[in-house]
Amino acid sequence: MLTFALSKGRLADKIFKMLKELNLVDITIDEEDRRLIIEQGEFRFFLAKPSDVPTFVDNGVADLGVVGKDTIIEEHRDIAELLDLGFGKCRMCVCAPKEDGDSYKNIVNLRVATKYPNIAKAYFDSMGQNTTIIKLNGSVELAPITGLSDCIVDIVESGRTLRENGLQDVTTIHDLSARLVANPASLKTKYDEISAVVEGFRAILKEK
Ligand SMILES: Nc1ncnc2c1ncn2[C@@H]1O[C@H](COP(=O)(O)OP(=O)(O)OP(=O)(O)O)[C@@H](O)[C@H]1O
Ligand SMILES: O=P(O)(O)OC[C@H]1O[C@H](OP(=O)(O)OP(=O)(O)O)[C@H](O)[C@@H]1O
């Protein structure tokens with residue numbers, strides 16, 4: 001039996017599509033569906049909050065997981081990254097009000113709002129810039145507009161949210177996409193089963 005922790009939310013549809021192409025499971029979840037565990041054949045799937053997927057995999061409750069690279073970097077968990085799945089592409093950026101250009105670089109104690117405090121702190125530490133990190137849980141773009149922060153560290157995909165709120169991305173910190181991850185112990189004890197799944201994903205990715 002192999003157990004997968006999958007991200008609910010915007011990655012879910014693409015993950016389900018790939019699992020269907022692999023003939024592992026055919027999941028369709030509508031708004032009324034409250035199931036969190038789906039079992040089919042030799043597989044058990046958990047539907048977890050995206051930021052919790054590394055926790056399930058690190059603790060060995062799930063052998064495999066699918067999660068954004070942003071969450072992998074932020075959570076610092078003991079998990080093995082096996083494959084870039086090529087969807088959920090976006091960037092982690094420092095963004096600031098359009099009229100400010102890159103002047104955030106000159107602010108002595110920079111106020112940074114973000115859902116990703118570890119990524120933000122590590123980045124500004126590496127640049128030698130002092131910061132006060134302000135943790136938010138969403139709508140991060142509000143922070144510089146309302147005066148809560150000087151800039152934000154957040155995900156940018158199309159750039160539309162920034163544009164519609166008078167902000168711009170100034171610096172890209174990481175390129176991001178969804179990744180297949182594994183529990184390191186499961187990789188040893190269930191090597192053959194996991195290899196078969198990884199090869200399946202690889203074959204699909206090659207066709208694209
Ligand atoms: N605008 C976006 N475009 C493309 N991918 C995105 C975008 N925003 C987030 N992602 C990717 O999708 C993943 C899941 O995002 P989603 O919005 O579903 O969850 P979340 O609200 O960030 O998670 P949580 O509720 O655990 O904080 C992110 O971790 C990231 O890798
Ligand atoms: O560049 P874009 O295509 O506009 O996408 C970027 C937006 O998407 C994400 O927010 P999400 O929709 O997850 O909402 P949130 O503010 O609640 O995190 C991210 O935090 C940005 O706000």
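## Basis of the model

Helices (H or I, at least four residues) and strands (E, at least two) are DSSP runs, numbered from the N terminus. The model is predicted, so local features need pLDDT of at least 70 and side-chain atom pairs pLDDT 80 or more, while totals for chains, interfaces and linings use all residues. Residues count from 1 along each chain as its sequence is written, with chains lettered from A and ligands numbered from 1 in the order written.

## The sheet

Six strands form an open sheet. Their order is β2-β3-β1-β4-β11-β5, and the pairing (at least two DSSP bridges between two strands) is mixed. From one strand to the next, the twist averages 25°. Axes are lines fitted to C-alpha atoms, for helices over the stretch in contact, with angles from 0 to 180 degrees between N-to-C directions.

Strands β1 (residues 2-7) and β4 (residues 64-68) run parallel. Three bridges join β1 to β4. Phenylalanine 4 faces leucine 64 of β4.

Helix α8 (residues 191-207) lies across β1, β4, β5 and β11 (178-182). Contact means C-beta atoms, placed from the backbone, within 7 Å. The helix runs at about 25° to β5.

## Ligand 1

The shell of ligand 1 holds 15 residues, taken as those with a C-beta atom, placed from the backbone, within 6 Å. Gly9, Pro50, Ser51, Gly68 and Glu157 are the closest.

Ligand 1 lies between domain 1 (2-88 + 177-207) and domain 2 (90-175), because both give residues to its shell. Domain bounds come from an automatic or database assignment.

## Ligand 2

Residues around ligand 2 include Gly138, Asp154, Glu157 and Arg160. β9 (151-156) and α6 (160-163) each supply at least two shell residues. The largest share, three residues, comes from β9.

Notes. Contact = placed C-beta atoms within 7 Å.
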